[in-house]
Amino acid sequence: MTRETLAPDPRPLTPAIGIVPAVGMVVGIILGASIFVQPSAITAHVPSALGVLSAWLAAGLLTLVGALVAAELASAFPRSGGVYVFLSEAWGPGLGFLWGWAMFWSMHSGILAAIAMVFARYVSFFVPLGTAGLRAVAIAAVLALSAVNYLGVREGSRVQTTLTAFKVLAIVGIVAVTFGLGPRVAVPAAAAMAPVSASSFILAVGAGVFAFGGWHMVTYASDETVFPERTIPRALVIGVLIVTACYIGMNAAYLHVLPIPAVIASRGVVADAANAVLGSGGATLAAAIVVVSTLGALNGIILAGPRVYYAMAQDGLIFKWMGGVHPRFRTPNRAIALQALWTSALIATGTYETLVSRVVYTEWIFFALMALALIPLHRRSGYAPRFRVPGSPVTPLLFAAAALAIAIGQIAAAPRESAIGLLLVAVGIPVYIIRSRRQISSP
């Protein structure tokens with residue numbers, strides 16, 4: 001298969017995503033459930049106020065660099081598929097196929113299933129649910145939001161913008177109320193500024209980076225974005241900055257009303273902080289916010305993923321029928337439906353937990369390759385992005401090194417699980433070879 005296979009073709013999708021919905025996608029997808037649980041893990045690595053806030057800031061800056069890399073590539077290749085397109089254009093369609101393969105079978109669908117289950121667990125705070133009920137609610141959420149996005153990208157992006165606006169306003173409200181009404185915890189100056197080892201700080205930043213997951217997904221819907229070569233870079237930068245500010249503000253609020261040992265031990269830090277400020281009713285408010293937050297992340301991920309499978313089908317890397325577009329709604333309806341069915345199957349069987357734990361780290365290997373792609377692309381004639389990463393090539397090289405360090409750290413921490421995860425991705429290699437040979441042999 002030659003690179004000409006990947007040349008842009010006219011797309012029958014309707015551009016309907018402007019800058020506000022695009023920013024809503026970036027912020028809404030990232031702001032899922034992580035900010036409500038991840039602070040405990042990070043604080044355990046850096047048990048000081050300065051260390052915690054510095055780790056979140058560093059994670060945000062690292063994510064911003066990755067977003068700048070994606071922004072340049074999106075401005076150069078403004079077609080649906082995002083990372084799949086970037087990897088294919090730089091390294092060949094085989095690597096792009098592996099990204100899409102891992103996305104569908106594990107990374108993307110598994111994360112969807114995991115967030116849907118978090119949503120269901122917080123719904124159970126209001127309506128008692130058993131194991132079967134939790135799975136039924138999670139599947140219902142996936143199917144309902146898939147139906148909304150099936151009916152049109154405009155409808156899906158409106159839901160996304162609305163839910164994201166609610167989440168950001170809720171976070172701003174939490175921070176304001178916590179600092180305005182919450183009892184301030186007396187922290188000794190020595191504890192607030194306690195020294196942190198370099199290895200502990202790196203582990204904290206790594207944990208923080210995972211809370212920024214999904215920043216790249218806005219690039220998937222380029223064909224449905226108005227002026228994508230301008231809109232997507234702006235949305236990436238603005239969105240990551242908003243999320244970073246939210247994360248730092250939330251953690252500062254937690255540390256304002258809870259002692260560090262309580263943050264480390266907490267299994268629901270936002271609920272504990274809300275209880276400290278508002279009394280026993282705070283947990284109810286926190287649960288409601290998490291329900292809306294996870295719902296917004298679900299919608300954004302459901303909207304984004306099918307555009308990759310659509311692009312792969314258009315390029316002939318998977319079955320052509322998956323590239324179908326609904327004649328009325330102008331959405332990749334078959335890819336949306338298939339994603340919903342597979343995600344529902346993962347929820348029903350509970351296999352998503354194993355898949356996510358084994359494969360989610362592998363996306364950082366692909367992110368490293370995406371950043372390294374700028375090196376050969378900058379030497380390629382005809383490569384003309386509207387936006388360039390500041391400080392290139394040093395900046396993307398630093399991001400690639402950090403991304404590989406995160407992946408290597410995860411492999412070292414769980415070598416057996418990591419080997420199985422890499423094997424799951426590698427299974428896509430013979431599939432791609434067989435598919436390519438069939439294309440070449442077909443008339």
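## Helix α1

α1 is mostly covered, with 10 of its 12 residues buried (buried means under 20% relative accessible area, exposed over 50%, partly exposed in between, with a 1.4 Å probe and protein chains only). The model is predicted: local features need pLDDT of at least 70, side-chain atom pairs count only at pLDDT 80 or more, and totals for chains, interfaces and linings use all residues. Residues are numbered from 1 along each chain as its sequence is written, and side-chain values use heavy atoms, with hydrogens and water left out.

The helix takes in residues 19–30 and reaches 17 Å from its first C-alpha to its last, close to the 16 Å expected at 1.5 Å a residue; the expected span is 1.5 Å times one less than the number of residues. Helices (H or I, at least four residues) are DSSP runs, numbered from the N terminus. Buried residues of α1 include Pro 21, Gly 24, Met 25 and Ile 30. Among the elements that cover the buried residues are α7 (153–181), α10 (228–257) and α13 (282–314).

## A cis peptide bond

The peptide bond from Ser 392 to Pro 393 is cis, and its omega is near 5 degrees. Pro 393 sits in the loop between α17 (374–378) and α18 (394–413).

## Positive phi values

Phe 227 is a residue other than glycine with a positive phi, near 45 degrees. Phe 227 belongs to the loop between α9 (198–210) and α10. Its relative accessibility is 47%, so Phe 227 counts as partly exposed.

Arg 330, also not a glycine, has a positive phi near 55 degrees. The loop between α13 and α14 (333–349) holds Arg 330. Arg 330 is partly exposed, at a relative accessible area of 26%.

Key. Helix = DSSP H or I, 4+ residues; strand = E, 2+ residues; numbered from the N terminus. Contact = heavy atoms within 4.5 Å.
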